[in-house]
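Here is a friendly walk through one model, taken a piece at a time. Have the viewer open as you read.

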Amino acid sequence: MRIRTLAATVAVAGLALAACGSDGGGSGGSGSGGGSASTGGRANPDATVTIGAVLEPTSLDITRASGVAVGQILLGNVYEGLLKRDQKGVVSPALATAYRISPDGRTYTFTLADNAAFQDGAPVRAADVVSSLTQVIAPNSTNPHASDLASISAVSSPDAHTVVLTLKERDSGLLFNLTGPAGVIVRQSATGLDGRPDGTGPFRFDSWRRGDSITLVRNDAYRGPKAKVARVVFRYLTDTNAQNNAVRTGQVDVGVISDNDLVDTYRGNPKFVVAEGTTTDKFTLAFNQDRGPLADVRVRRAIRQGIDKDGLIKVLGAGTRIGSPVPPLDPWYEDLTNIDRYDPAGARRLLAQAGHGGGLRLGLTIPNIYPPSIGDYVTSQLREIGVTVEVRRVEFPAWLTGVYTKHDYDLSIVDHAEARDLAFYVKPGYYFGDRSPQARDLAKAGATAASDADRNTALRGLARRYSEDAIADWLLLGKARQVARVGVTGYPTDDVSAVYDLSKIEVLKS
Amino acid sequence: MAVIILRRLGLLVVSLFVASLLVFALLRLLPGDVADVLAGTSASPDQVLRIRHEIGADRSLPAQYLDWMGGVLTGDFGVSALSGASVSAELSEKLRVTAPLVGGATLLALAVAVPLGILAAARHRRASGVALSALSQLGLAVPAFWIGLMLITVFAVDWRLLPAGGFPTDGWADPVAAARSLVLPAVTLAVVEAAVLLRFVRSATLEVLNADFIRTARAKGLTRGQALRRHGLRNAALPVVSILGVEFATLLLGAVIVENVFALPGLGQMLVADIGNRDLVKVQGTVLLVTAAVLVVGFGVDLANRLLDPRLRSAR
C-alpha cells in the first residue's frame with residue numbers, strides 16, 4: 001500500500017494543502033534542497049514551468065477563501081501586502097517601502113512605493129490600502145483570516161503616500177500577519193476577484209481550468225526584479241500515481257512525490273533532483289477535554305506516552321518529532337520532545353491511577369484525506385497500553401462540522417498546517433486547547449510583548465504549558481518532498497510560511 | 001405510435017422531477033456544511049453564520065429547492081457556493097472532456113464487441129469461440145483502474161507514445177493533442193464495456209441461431225451466414241440495444257474512476273471534488289444532468305427497439 005507523505009496530503013487549514021509546498025535551502029530540512037541552487041547556466045526567459053500540486057484551491061478570491069492552497073498560488077506571486085515574508089517567515093517591505101512603529105507600539109506608519117501598479121497599470125493608491133484593510137477588520141467581515149488583523153482599530157491615510165494603522169493594543173504578530181492572506185491589497189471596490197485575481201505582484205493571473213490547472217504569466221510591468229520564466233502552470237494531480245507519472249514523463253517539471261518507495265526510484269537518477277524540506281504541517285492528535293475520560297490529564301499523558309512517534313515516522317517514511325505545536329524554525333522553538341516520552345509501562349501506570357486499569361474505549365475521528373496507516377498505527381500502539389480505539393474515517397467537511405464545530409469526538413487527528421498558530425489553542429470554543437487563565441495570559445503576553453525577547457519567552461512558556469498539560473499529542477512535523485527535472489531550479493523546497501515563491505524559478509536553455 | 005411516444009415523454013418528465021427531488025433531499029443528509037468549508041479553521045462562529053447567510057444556505061429547504069428548480073427550468077444551474085462560478089458554464093466545460101470520452105469508449109466497445117460476439121456465437125463449438133468467451137470473462141473480471149494503470153505504464157511511461165494523463169490546458173484548441181489524451185482513458189473504459197457487450201451479442205446471436213426461423217431459412221437453401229445476415233442480426237440486435245441503454249449509466253460511473261486515474265478534468269472528477277467540498281448546488285446539478293442523460297438514452301433505446309421490431313410498435 002502506498003503512503004503519501006503527510007506533507008503532501010492536507011491541511012486542516014482548509015481543504016487546501018500544502019501540496020506544493022516549500023522553500024529553498026531548508027535549514028531544518030534534510031539537505032539544502034536541489035531547488036535553491038542557481039543554475040549558473042543560461043536561463044530561458046520564455047520558459048513555461050509546470051508544477052504538480054495536490055490540492056486545488058476551492059476559490060481564487062483571496063479575500064474570501066480559507067485554507068493555504070489559495071495563498072500558495074497567489075500570495076507574493078499575484079498579490080502583495082504592505083509587507084512580504086520569505087520562505088523562512090522573515091518579513092521585509094513590499095508595497096510599503098518603509099514603516100515606522102510608535103514607541104507605544106500602537107501606531108504603524110507605512111510609506112507606500114510610488115511605482116506600484118495593479119495589472120492594468122492603474123497605480124496603487126493609499127485609498128486602495130485603506131479600503132482593503134478596512135474590509136478585513138469590519139464587523140461584518142467574511143474574510144476567514146480577519147482574526148489575524150483583529151488588533152487594528154482604524155486604518156487611515158494622512159496623504160497619498162502614507163497609511164497609518166492604529167492598534168487597540170500592542171501586537172507582536174502584526175507585521176507577520178500583514179504578510180499573510182489577510183493583508184493583501186486589492187483595488188478599492190474590486191469585484192469578481194474569484195474569476196480574475198488582480199494584484200500587484202511579479203505574476204499576473206491568466207486562467208483557471210477548474211479541476212485541472214491554474215496558469216500565471218509574468219508581469220512584465222512589475223516594479224521589482226522580473227520573474228525568470230514567462231509562465232507558471234500549477235497542475236492539480238490528486239492521485240499519487242498520476243502525479244508520479246506526470247513527473248516521470250515530463251508533463252510536470254516539479255512534482256510532489258511523497259510516497260517513500262516512489263521517491264527512492266528517483267534517487268540516483270541523473271535526470272531528476274529530489275528536494276526535501278521542512279514544513280509547518282503539524283499532525284496533531286487532539287484530545288477532547290470536555291467530555292469523558294480525557295478530561296483527566298493522567299489519561300491524556302498516558303496516551304502521549306503510549307505512542308512511539310519515531311515508529312510512526314518510520315512507517316510514513318518521513319517527518320520530524322516535535323513536542324509542541326512549535327516547529328523548529330519558529331523563533332520561540334524549544335525542544336520539548338522529552339515531555340511524556342515513549343514509555344508504555346508508565347502509560348499503563350498512569351491509566352491505572354486514573355481508574356482505567358481494566359481498559360478504556362475511545363473514538364478517533366480522522367478525515368479520509370490522510371493515509372489510513374496513521375490511524376492504524378495509533379490504534380495498535382494504544383491497544384498495547386489497554387486503550388481500545390474505534391477509528392471513524394470521515395470526509396473533511398464532516399470533520400469540520402462534527403469535530404471542529406460541534407466538538408463531537410474523543411480523539412481526532414488532523415494536520416494543522418498554518419504557520420505560527422500557537423494562539424489558536426487558547427481561543428474559547430476552539431475544538432481543543434488550554435482554556436486556563438494562565439494560558440490566556442501567556443498568549444496575550446506574547447501577542448502584546450514590546451520586544452522579540454519578551455515575546456519569545458512568553459510563547460515558549462505557552463508551548464511548554466500545552467505540552468505539560470497534554471492538550472494534544474503532536475505526532476510529527478511533515479516533510480515536503482518534491483522531485484524536479486534537472487535544469488529547473490529556484491523552486492521553494494521548504495513550506496513554512498504558506499507561500500510558494502515563484503519569482504526565483506529558472507529553466508535552463510536546453 | 002405518436003401516442004406511445006407522448007406517453008413515454010410524459011413518463012420521462014415525471015421521472016426527472018422525482019429524480020430532482022431525490023437528488024436534492026438525499027444530498028441534504030450528508031454530514032458537513034459548505035459554509036464550514038468556506039470558513040476553514042480560523043473563522044469565528046459569527047463569520048460562519050454570515051457566510052451561510054451570504055450563500056443562502058440558511059433559507060428553508062423548500063425555498064432552496066424551488067429556487068434551484070426555477071433556474072434549472074431556464075437552463076441556469078445556479079452558482080457554486082465555494083467559488084461563485086456558474087454551474088452551467090462548468091458543466092458544459094467538463095462535458096467537452098467526458099462526452100467524447102464516453103462516446104469514444106462506446107463506439108470502441110461496439111466496434112470490438114459486435115463482430116467478436118457474432119464470431120464467438122458462430123464458432124461456439126470451436127476453440128476460437130471458446131477462447132473469445134474466456135477473454136470476455138477476463139475483461140469483466142479485471143478492474144478498470146488496473147487496466148488504466150497498466151496502459152499508462154506501457155504506452156506512456158515506457159514507450160512514451162501517449163500522454164500519461166491530463167488534458168491540454170487550452171482544451172480542444174489543438175484537436176490532435178486533445179484526442180491523444182483521450183485515447184488511453186477511452187480504451188480503458190472500452191475494455192470492460194466491450195467484455196460486457198461481447199457476452200450479450202454472443203448469447204443473443206446464439207439464441208437467434210437456434211431459432212425456428214433460421215432453420216426455416218436454411219431449409220430454403222441459405223447458408224448459415226446468409227440466414228444470419230438476412231434474418232438473424234436484426235433480431236439479435238434487440239437485446240443488445242436494450243443493454244446498451246443500461247450500460248450507458250455504467251459507462252458514466254466508470255468515467256468517474258477513469259478520469260481520476262488519468263487526471264482528466266471531466267464531469268466525474270469534478271463530481272468527486274465537489275462532494276468532498278459539500279458544494280451541493282454543483283453536485284445536484286451534475287447528478288441531475290447525468291440522470292437526465294441516462295433517462296433520455298433509455299427513452300431513445302425504447303424508440304429504437306420499436307423501430308427495429310414492428311411487433312413492439314403496436315404494443316403498449
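## Two helices in chain B

The crossing of H5(B) and H6(B) is left-handed, meaning that the near helix is turned anticlockwise from the far one by less than a right angle (clockwise would be right-handed). Leu116(B), Leu119(B) and Ala120(B) of H5(B) meet Gly129(B), Leu132(B) and Ser133(B) of H6(B); contact here needs C-beta atoms, placed from the backbone, within 7 Å. Those residues divide into 4 nonpolar, 2 polar and no charged (Ala, Val, Leu, Ile, Met, Phe, Trp, Tyr, Cys and Pro are nonpolar, Asp, Glu, Lys and Arg charged, the others, Gly among them, polar).

## About the model

This is a predicted model, where local features need pLDDT of at least 70, side-chain atom pairs count only at pLDDT 80 or more, and totals for chains, interfaces and linings use all residues. Residues are numbered from 1 along each chain as its sequence is written, while chains are lettered from A and ligands numbered from 1 in the order in which they are written.

## A strand with two partners

In chain A, strand E12 (residues 272–287) has 14 of its 16 residues buried, that is, with 20 or more other C-beta atoms within 10 Å of their own. Strands here are DSSP runs of at least two residues (E), helices of at least four (H or I), numbered from the N terminus.

E12(A) runs antiparallel to strand E16 (residues 472–485) of chain A, with 12 bridges; pairing takes at least two DSSP bridges. Another antiparallel pairing, over 6 bridges, links E12(A) to strand E15 (residues 411–416) of chain A. Leu285(A) has Asp473(A) as its bridge partner in E16(A) and Ile413(A) in E15(A).

Terms used:
Buried ≥ 20, exposed ≤ 12 C-beta atoms within 10 Å, placed from the backbone. Contact = placed C-beta atoms within 7 Å.
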